[in-house]
Amino acid sequence: MSTSVLVVEDYPDLCSAIVETLAREEYECESAANAEDAIVKLRAHQYEAILLAPRLPIRSDPVMRFLSESQPGEVHKVILMTDPPLGEEPEPDECRVLVKPFNNEELFAQLRP
């Protein structure tokens, strides 16, 4: 069984590149270009990982807020894709951080359990 990943990224080229890279390694991927689409998908499906390009501050990001309020047990699945500097550090054990630009090795390392 493949790992399911939701990629939430508003830059279409970057989103496509991530999805294609993961699909080549047999990850089951869906994507969302905005928070509203991501929340619809999160309501309908459980993902093993969520790659999120968050809005800052992170606490006010709609996807993070939705997960914190509606599915608090799912927040640990989030991998924040951010540009340095992050600006607001996530709480310890809340989610992981993948600093842009990242390479495939860094991406897959974050997705490993």
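Which residues are exposed on the other side of H2? In this predicted model, Val40 and Ala44 are the exposed ones there, where exposed means over 50% relative accessible area, buried means under 20%, and partly exposed lies in between (1.4 Å probe, protein chains only). Residues are numbered from 1 along each chain as its sequence is written, and side-chain values use heavy atoms, with hydrogens and water left out. Because the model is predicted, local features need pLDDT of at least 70 and side-chain atom pairs count only at pLDDT 80 or more, while totals for chains, interfaces and linings use all residues.

**The two sides of helix H2**

- Helix H2 covers residues 35-44, and within this helix Ala35, Ala38, Ile39 and Leu42 are buried; helices (H or I, at least four residues) and strands (E, at least two) are DSSP runs, numbered from the N terminus.
- An α-helix has 3.6 residues a turn, so residues three or four places apart point the same way.
- The buried residues of H2 pack against strand E1 (4-8), strand E2 (28-32), strand E3 (49-52) and H3, where contact means heavy atoms within 4.5 Å.

**H2 against H3**

- The axes of H2 and H3 are 9 Å apart and the two helices pack at an angle of about 25 degrees; axes are lines fitted to C-alpha atoms, for helices over the stretch in contact, and angles run from 0 to 180 degrees between N-to-C directions.
- H2 and H3 are therefore roughly parallel to each other, since angles under 35 degrees count as roughly parallel, over 145 as roughly antiparallel, 65 to 115 as roughly perpendicular and the rest as oblique.
- The crossing of H2 past H3 is right-handed, a term used if the near helix is turned clockwise from the far one by less than a right angle, with left-handed used if anticlockwise.
- From H2, Ala35, Ala38, Ile39, Leu42 and Arg43 meet Pro62, Val63, Phe66 and Leu67 of H3.
- Sorted by class, this contact of H2 with H3 has 8 nonpolar, no polar and 1 charged residues, with Ala, Val, Leu, Ile, Met, Phe, Trp, Tyr, Cys and Pro counted as nonpolar, Asp, Glu, Lys and Arg as charged, and the others, Gly among them, as polar.

**H1 against H4**

- Helix H1 (residues 12-24) and helix H4 (residues 104-111) have axes that come within 12 Å and cross at roughly 70 degrees.
- H1 and H4 are therefore roughly perpendicular to each other, and their crossing is right-handed.
- Ile18, Thr21 and Leu22 of H1 make the contact with Asn104, Leu107, Phe108 and Leu111 of H4, and by class this contact has 5 nonpolar, 2 polar and no charged residues.

**Residues in the loops**

- Gln71 sits in the loop between helix H3 (62-70) and strand E4 (78-82), and counts as buried at 17% relative accessibility.
- Leaving aside neighbours within four places in sequence, Gln71 is in contact with Leu42, Arg43 and Phe66.
- Phe102, in the loop between strand E5 (96-99) and H4, is buried with a relative accessible area of 19%, and touches Ile18, Met81 and Leu107, not counting residues up to four places away in sequence.
- Tyr11, in the loop between E1 and H1, counts as exposed at 56% relative accessibility.
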